[in-house]
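Here is my note on the model you sent. Please have the sequence and the structure open while reading.

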Amino acid sequence: MCGDPNSVLRFAFIEFTDEEGARAALNLSGTVLGYYPVRVLPSKTAIAPVNPTFLPRSDDEREMCARTIYCTNIDKKVC
């Protein structure tokens with residue numbers, strides 16, 4: 001979890017073992033967690049940068065990104 005220490009909200013990148021798990025997580029966008037609805041979006045990068053430009057170049061890198069989501073508006077009291 002990351003975020004401004006003065007903010008009540010946090011964000012996270014979450015990598016799943018398969019694309020189905022990531023797709024299921026995307027359906028949770030808008031779910032209230034604590035006091036705020038979380039936003040769940042597809043990630044454009046993997047958690048560990050896969051190359052210097054941060055964009056996927058190979059099929060393996062694209063597959064890693066397909067399993068990664070970006071979640072924001074996470075209430076820090078929930079963490």
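The numbered points below cover confidence, the annotated segment, the ring pairs and a surface patch.

1. Basis. This is a predicted model, in which local features need pLDDT of at least 70, side-chain atom pairs count only at pLDDT 80 or more, and totals for chains, interfaces and linings use all residues. Residues are numbered from 1 along each chain as its sequence is written, and side-chain values use heavy atoms, with hydrogens and water left out.

2. Confidence. The protein chain has a mean pLDDT of 84, and 84% of its residues reach 70 or more; pLDDT is the predictor's confidence in each residue, from 0 to 100. Strand β3 (residues 36–37) has the highest confidence, at 94, while helix α2 (residues 59–66) has the lowest, at a mean of 78. Helices (H or I, at least four residues) and strands (E, at least two) are DSSP runs, numbered from the N terminus. Where pLDDT is low, the predicted coordinates should not be read in detail.

3. Annotated segment. An unreviewed UniProt entry carries the annotation "domain: RRM" for residues 10–34. UniProt positions are given in the numbering used here, feature names are shortened, and annotations may be inferred rather than shown by experiment. Over residues 10–34 the chain is 32% helix and 32% strand, with the end C-alpha atoms 12 Å apart.

4. Ring pairs. Rings of Phe, Tyr and Trp (its six-membered ring) pair if their centres lie within 6.5 Å; planes under 30 degrees apart count as stacked, over 60 as edge-to-face and the rest as tilted. The count comes to 2 aromatic pairs. One of them, Phe11 with Tyr70, is tilted, at 5.9 Å centre to centre and 45° between the planes. Phe11 is in strand β1 (residues 9–15) and Tyr70 in strand β5 (residues 68–75), 59 residues apart. Phe13 and Tyr70 have ring centres 5.1 Å apart and planes at 50°, so this pair is tilted. Phe13 also lies in strand β1, so its pair with Tyr70 in strand β5 ties together parts 57 residues apart in sequence.

5. Ring pairs link Phe11, Phe13 and Tyr70 into a cluster. What is the relative accessible area of Phe11? Phe11 is at 28% and partly exposed (buried means under 20%, exposed over 50%, partly exposed in between; 1.4 Å probe, protein chains only). Tyr70, at 23%, is partly exposed, and Phe13 counts as partly exposed at 37%.

6. Loop residue. Tyr35 lies in the loop between β2 (32–33) and β3. At 68% relative accessibility, Tyr35 counts as exposed.
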